[in-house]
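Please read the following briefing alongside the sequence and the 3D structure. The notes are grouped by topic, with the conventions given where they are needed.

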Amino acid sequence: MSDAIEIRRVVKRYGTFTALHGVSLAIRDNEFFTLLGPSGCGKTTLLRMIAGFEDVTQGEILLFGQNIAGLEPDRRPVNTVFQNYALFPHMSVLDNVAFGLKMKGVAADARRARAGRMLEMVHLSAFADRLPSQLSGGQQQRVALARALAPEPRVLLLDEPLSALDLKLRQAMRVELKQLQEDTGITFIFVTHDQEEALTMSDRIAVMSAGHVQQIGTAREIYEAPVNRFVADFIGETNLLEVEVASVAGGQARVVLPGGQALTCPSASDTLGRHALSIRPERLSLVEAGGDLKATVERVVYLGTDLQLLTRLEGGAEMQVRVQNSARARVPQPGDRLGLRIEEGAARLLAD
Amino acid sequence: MAGIADQTPATGDDSYRRIVAPLLLPTWAVIGIFLVLPVGLMAVYSFLTKEFRGGVDWQFSLAAYDQFFLNRGLFGDEPPVLEWTYITIFWRSIWQAVVATLLCLAIGFPTAWFIATRPAHSRGVWLFLITIPYWVNLLIRTVSLKFLIRDNGPLNEALLGIGLIDGPLPLVNTNLAVQLGLFYSYLPFMVLPIYAAVERYNFALSEAAADLYASRWVTLREIVLPIVKPGIVAGCLLVFIPSLGAFLAPDLLGGAKNFMIGSLIDEQFKGSLGNWPFGAAVSMILMTLVMIALLLYARSAAKGGAA
Ligand SMILES: Nc1ncnc2c1ncn2[C@@H]1O[C@H](COP(=O)(O)OP(=O)(O)OP(=O)(O)O)[C@@H](O)[C@H]1O
Ligand SMILES: [Mg+2]
């Protein structure tokens with residue numbers, strides 16, 4: 001598979017403020033690629049540089065192997081679904097969708113037919129003659145999507161297109177978007193700060209923070225093997241413990257937890273001293289006796305399918321535990337003293 | 001447009017009207033006293049008989065309209081033919097006003113665009129600068145313009161000084177001077193409404209157009225202009241209508257050759273040479289023309305909006 005977009009050490013400065021510090025990414029053709037990160041980390045900035053709305057301060061962006069520096073936005077074979085849709089208010093829905101085709105010089109009949117098909121695809125055929133202001137937010141979002149897809153771009157940029165929708169519609173749209181991407185084979189670059197959205201739709205995800213790419217990988221890689229504290233904390237829930245690596249032998253480290261309890265876990269490096277240890281709450285299970293750690297239950301939250309327990313390890317540190325709710329098992333009560341068993345390989349030492 | 005009308009809540013509620021009606025009285029009073037009454041008076045005067053030392057005799061007559069449209073010879077005893085004098089003045093005035101409007105548009109649109117795209121904190125300063133000349137009375141400004149462009153005025157002196165011209169450019173008493181005067185008088189009326197429209201324009205739409213392969217020029221034509229059109233139309237009306245009736249600029253800068261409607265009307269109400277019914281008739285004809293133009297525009301706009 002060839003690369004659709006290659007971003008090489010791209011830096012973006014606004015005056016003295018640096019929004020992107022040397023970002024490098026390679027996005028494959030036909031990939032559903034997601035930029036995920038908290039608000040203000042530079043996702044929109046990166047997307048706008050690919051579309052051509054922002055200058056690149058340093059570095060280069062290649063589109064199918066061609067450097068696109070200096071190419072005006074209207075000459076780039078990429079289309080954008082804007083964060084706030086930016087539909088043309090004076091044009092009907094159909095004309096909005098047909099606009100890109102018109103600009104490409106497609107004949108009136110052909111572009112109307114194609115725009116009509118695009119509207120069918122997003123289930124808005126009945127609304128073709130309306131103005132954008134006469135649509136709901138979710139409908140406008142789908143018009144924006146149809147408009148960006150109509151000219152058959154090779155790369156589609158989507159800037160938090162689902163953020164304005166209610167939960168139900170958002171979940172339905174996730175499935176539709178993913179399906180659409182698979183059907184059309186268009187490379188999607190999808191921006192979101194919603195990790196669930198990222199995890200459910202993406203082929204690969206780049207986790208960003210403060211203008212840096214922290215980690216690139218599949219949903220599974222990022223969730224199971226976060227490279228650092230930021231990624232571990234940002235993706236899903238986790239227990240982050242400050243631990244002391246006492247010894248490393250044969251890829252296994254002996255770590256000491258704040259309260260003095262100790263355990264063994266895999267370690268890639270052999271540096272001793274203070275480290276962060278990440279354990280996902282659902283990778284812990286409760287045992288009556290024994291287990292890897294001893295803890296006391298402090299609070300129990302009933303979540304329906306799951307139980308969420310806040311426990312305190314002997315000697316101080318808090319530990320979240322998530323267990324499946326089953327009718328047979330006894331629900332633990334605050335004050336219960338229990339053992340926690342850590343799943344094989346679930347305790348991970350982080351680089352920083 | 002139709003959508004907005006549809007959304008008006010059905011307040012066929014009489015109690016609501018009973019409360020609001022008295023509150024609207026001041027509005028009706030202002031409209032009555034300052035709009036309906038003067039125009040009605042003008043309409044009535046135009047059908048009265050001229051009194052010799054100015055003023056009117058309360059006697060019905062069509063003489064004023066007759067004088068405008070028909071020529072019955074020097075002593076009024078020849079068969080009537082169409083009178084061209086006043087129609088020519090009208091035609092010249094309309095032409096001048098159109099040119100002044102286009103000139104204002106050509107300069108006003110880029111100016112308004114420039115101001116509206118400055119950072120928010122400096123826009124106020126630019127608008128302020130635009131309005132500064134308007135703190136001075138229109139008469140004084142027009143006279144100063146005359147001083148500026150007369151044969152031995154600073155403009156000609158400067159051009160002679162740098163050797164661009166051999167003799168002074170004769171500017172005063174030309175059409176050009178009138179247009180310059182109208183342009184100078186009414187430019188802000190073009191800039192301000194267009195500024196207001198451009199300032200509200202969402203520039204993300206231009207990005208969206210560029211993203212869909214529209215060049216800058218096409219984006220201007222297909223996206224920007226249709227959206228800011230109400231501002232442009234308002235600006236054109238605000239310049240065209242007063243230009244049509246202007247009398248200071250034509251009088252002071254145009255001289256006798258470039259007589260316009262405004263001056264014609266102005267003269268009818270001055271001293272004993274005036275003719276009030278005729279002045280009133282000319283005003284009514286002018287007003288009718290403007291209203292027909294506006295109605296035609298409104299109809300074409302309504303059609304365009306519905307399409
Ligand atoms: N035109 C600009 N001038 C100065 N700073 C800017 C400009 N545009 C963006 N920034 C800054 O660059 C950083 C990245 O902004 P960006 O819009 O890319 O964030 P984002 O990741 O898209 O956030 P969000 O999730 O809130 O949309 C922010 O700190 C922002 O303040
Ligand atoms: Mg953003």
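The crossing of H5(B) and H9(B) is right-handed, a crossing being right-handed if the near helix is turned clockwise from the far one by less than a right angle, and left-handed if anticlockwise. This is a predicted model, in which local features need pLDDT of at least 70 and side-chain atom pairs count only at pLDDT 80 or more, while totals for chains, interfaces and linings use all residues. Residues are numbered from 1 along each chain as its sequence is written, chains are lettered from A in the order in which they are written, and side-chain values use heavy atoms, without hydrogens and water.

**Helix pair in chain B**
- Helix H5 (residues 85-116) of chain B packs against helix H9 (residues 175-200) of chain B at an angle of about 40°, with the axes 6 Å apart; axes are lines fitted to C-alpha atoms over the stretch in contact, and angles run from 0 to 180 degrees between N-to-C directions.
- That angle makes H5(B) oblique to H9(B), since angles under 35 degrees count as roughly parallel, over 145 as roughly antiparallel, 65 to 115 as roughly perpendicular and the rest as oblique.
- Helices here are DSSP runs (H or I, at least four residues), numbered from the N terminus.

**Helix pair in chain A**
- Helix H2 (residues 93-103) of chain A and helix H4 (residues 137-149) of chain A cross at roughly 30°, and their axes come within 7 Å.
- H2(A) and H4(A) are therefore roughly parallel to each other, and their crossing is right-handed.
- In this contact (heavy atoms within 4.5 Å), A:Val93, A:Asn96 and A:Val97 of H2(A) meet A:Val143, A:Ala146 and A:Arg147 of H4(A).

**Interface between the chains**
- On the chain B side 18 residues are in contact with 27 residues of chain A.
- Together the two chains bury about 1,900 Å², of which 63% is on carbon and sulfur atoms; buried area is the accessible area (1.4 Å probe) that two parts lose on being put together, summed over both.
- B:Asp211, B:Leu212 and B:Tyr213 supply 41% of the area that chain B buries against chain A, more than any other three residues.

Notes: Helices (H or I, at least four residues) and strands (E, at least two) are DSSP runs, numbered from the N terminus.
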